[in-house]
Each structure stands twice: as C-alpha cells, then as structure tokens.
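Please keep the sequence and the structure in view while reading the points in order.

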Amino acid sequence: MKLIPRRKKFTTIMQEITSGLTGDLTHDVTYLQEQAQKYQRNRYSREISQECGRLIYEMLPEKLKKEFAAMVDQDSQAFDAELEEVRFQLFKGENNRALKKIQRLIARCEATGMSKDDQVSEYFDFKEVFEEILYHQISQSEKEIRVAQIKYAEMYLLSGGLLFEMKRYAAVAEALEEAMQWNPTNAQIAFEHAETFKVRGMLKEYSNATRKIFKIAFRPNDLARCYRNLGYYYVEQEDWQTAA
C-alpha cells in the first residue's frame, strides 16, 4: 500500500520560508511573493499568504508604513462617518433608511473577505484591551488572536438596535449573535441579546443568557444588571424569596 506523505504543519512551513530571508528588501519581498504563490494549493494557502503579507509589511521602511497607516486611517474615518450617518437617521426616526444603509455597509465589509478566521488565526472586534485578555482566559484558544480592521461588532449592534425599534425581534437576535461572534466578551452586546428573549416572553432563555453574562461582567454595573435580570425572572416565576 502506498503511503501518503503527511502534510507539513503551518509553523514548519513558515519556519522554512523565513529561513530563506536574506535581509535584502528587494530580494525578500520578491521571495515572499513567490513563496505565497508556491503554496497556493496547500491547505494553509490563505494563512501562508497572509503571514507573508505581514512579513513584507514589517520589512517596509518607516515612511511607507506611515503612508499605509494614513490610508487605513482615512478609510476608518470614512467608515466612522457612515456609521454616524446611520445613527443620525435613527435619531430622526428614519429607521428604514438607516437599516438599508447599515445593511449595505455590512454586506460591503463582509464581501471584502478581510478578517476571516482561518486555521491559525481568529479575528475579533474587541472594544478594549481587557475584553481580549478575558477572551484568552475563557477560551484557552491556541490560535493567534488578531484585531479586525473593521468595526464589525458595532455594525451588527447598530443593526440590531434598528431592528429592535421595528419590533423584528428574531432578526434582532440574529444580528446580535453576529455581534457576539465578533466580540464575545462585551457584556453590553450580550445584555441586548438577552433582551430579545425577554420581549418575546422566552423567560427561560432570558435567564440562561443572563447567567452566561456573569462570566464576562467585569464591571460593577454589569454585575448589578445580571442580578437585576435574574430578579425579574424569579418575580415572573413568583419565586419571591429567590427574587429578593
């Protein structure tokens, strides 16, 4: 029986690739581009291509890095301006227009294919550093944690808020589940998701969702809200002693 050779691991491949770097910018950029092309049929092709791209970026002179950072910042400002426009439309009560705009924005960002999880990296839209630290602690993930360049969690949260105003609660839950995928340690998003069960009278699910938030509630007001939610649940169950 012919044995199929075992595929190399991603780390082994990258060690082999980096061993060929010379320190000469022109040579190394071309070399890394060739390596990304060489492994395009490998199961880690996406991961290898992304890592080669990061290595190329690190080699760039500071001037080029600053120019690249300025371009990213410009795109970020344009993105923030679109989100602000959606919020203003929401403030004016133009919910349908706001929803269409945020849905177009989400579709456009998702279509870029940026910040997609792969076999060695996972991407998140954490709002602050401690959320990332907490995720490391809870998940024990062995993957490389990377920060998404796009505010996906904020987009889905805003979309959920608009849908809530329109009383489309099942759609709200779906949008907030997406937001939680992008930021699994943000208590505010999780609380909004729990509320979708409350307004639909799904109190057992509301209670279960609230209990999960205890794991990520690292602020006193968030802990207080957890207890308040459970208090409401037990009042509805007419379990006055536990509620108190």
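**Comments on the predicted model**

1. Isoleucine 138 is part of helix H6, which covers residues 129–139. The model is a predicted one. With a relative accessibility of 43%, isoleucine 138 counts as partly exposed, because that class lies between the limits of 20% for buried and 50% for exposed. When residues up to four places away in sequence are not counted, isoleucine 138 touches Thr185, Lys215 and Ile216. Methionine 14 is 124 residues apart from isoleucine 138 along the chain, and the C-alpha atoms of the two are separated by 28 Å.

2. Glutamine 140 belongs to the loop between H6 and strand S2 (144–147). Its phi is near 55°, which is a positive value in a residue other than glycine. Is glutamine 140 buried or exposed? Glutamine 140 counts as exposed, because its relative accessibility is 58%.

3. Although lysine 167 is not a glycine, it has a positive phi of about 60°. Its relative accessible area is 59%, so lysine 167 is exposed.

4. Leucine 163 is located in helix H7. Its relative accessibility is 4%, and therefore it counts as buried. Which residues is leucine 163 in contact with, leaving aside its neighbours within four places in sequence? They are Leu99, Arg168, Ala171, Val172 and Ala175. Glutamate 131 stands 32 residues apart from leucine 163 along the chain, with 26 Å between their C-alpha atoms.

5. In soluble globular proteins, nonpolar side chains tend to be buried together. The largest nonpolar core in this model has 25 residues, and Ile102 and Met155 touch the most other members. Two or more residues of this core come from each of helix H4 (62–91), helix H5 (95–111), helix H7 (152–165) and helix H8 (169–182). H7 provides the largest share, with 7 residues.

6. Isoleucine 102 deserves a separate comment. Apart from its neighbours within four places in sequence, isoleucine 102 is in contact with Leu83, Val86, Met155, Leu158, Ser159 and Leu162.

7. The last point concerns a pair of helices. Two packed helices are described by the angle between their axes and the distance between the axes. How do these values read for helix H10 (residues 203–213) and helix H11 (residues 220–236), and at what angle do the axes cross? The axes come within 9 Å and cross at roughly 155°. H10 is therefore roughly antiparallel to H11, and the crossing in which H10 passes H11 is left-handed. On the side of H10, the contact is made by Leu203, Lys204, Tyr206, Ser207, Thr210, Arg211 and Ile213. On the side of H11, the residues are Cys226, Asn229, Leu230, Tyr232, Tyr233, Tyr234 and Glu236. Sorted by class, the contact of H10 with H11 has 8 nonpolar, 3 polar and 3 charged residues.

Technical notes:
Residues are numbered from 1 along each chain as its sequence is written. This is a predicted model: local features need pLDDT of at least 70, side-chain atom pairs count only at pLDDT 80 or more; totals for chains, interfaces and linings use all residues. Side-chain values use heavy atoms; hydrogens and water are left out. A nonpolar core is a set of buried Ala, Val, Leu, Ile, Met, Phe, Trp, Tyr and Cys residues joined through side-chain atoms within 4.5 Å. Buried means under 20% relative accessible area, exposed over 50%, partly exposed in between (1.4 Å probe, protein chains only). Helices (H or I, at least four residues) and strands (E, at least two) are DSSP runs, numbered from the N terminus. Contact means heavy atoms within 4.5 Å. Axes are lines fitted to C-alpha atoms, for helices over the stretch in contact, and angles run from 0 to 180 degrees between N-to-C directions. Angles under 35 degrees count as roughly parallel, over 145 as roughly antiparallel, 65 to 115 as roughly perpendicular and the rest as oblique. A crossing is left-handed if the near helix is turned anticlockwise from the far one by less than a right angle, and right-handed if clockwise. Ala, Val, Leu, Ile, Met, Phe, Trp, Tyr, Cys and Pro count as nonpolar, Asp, Glu, Lys and Arg as charged, and the others, Gly among them, as polar.
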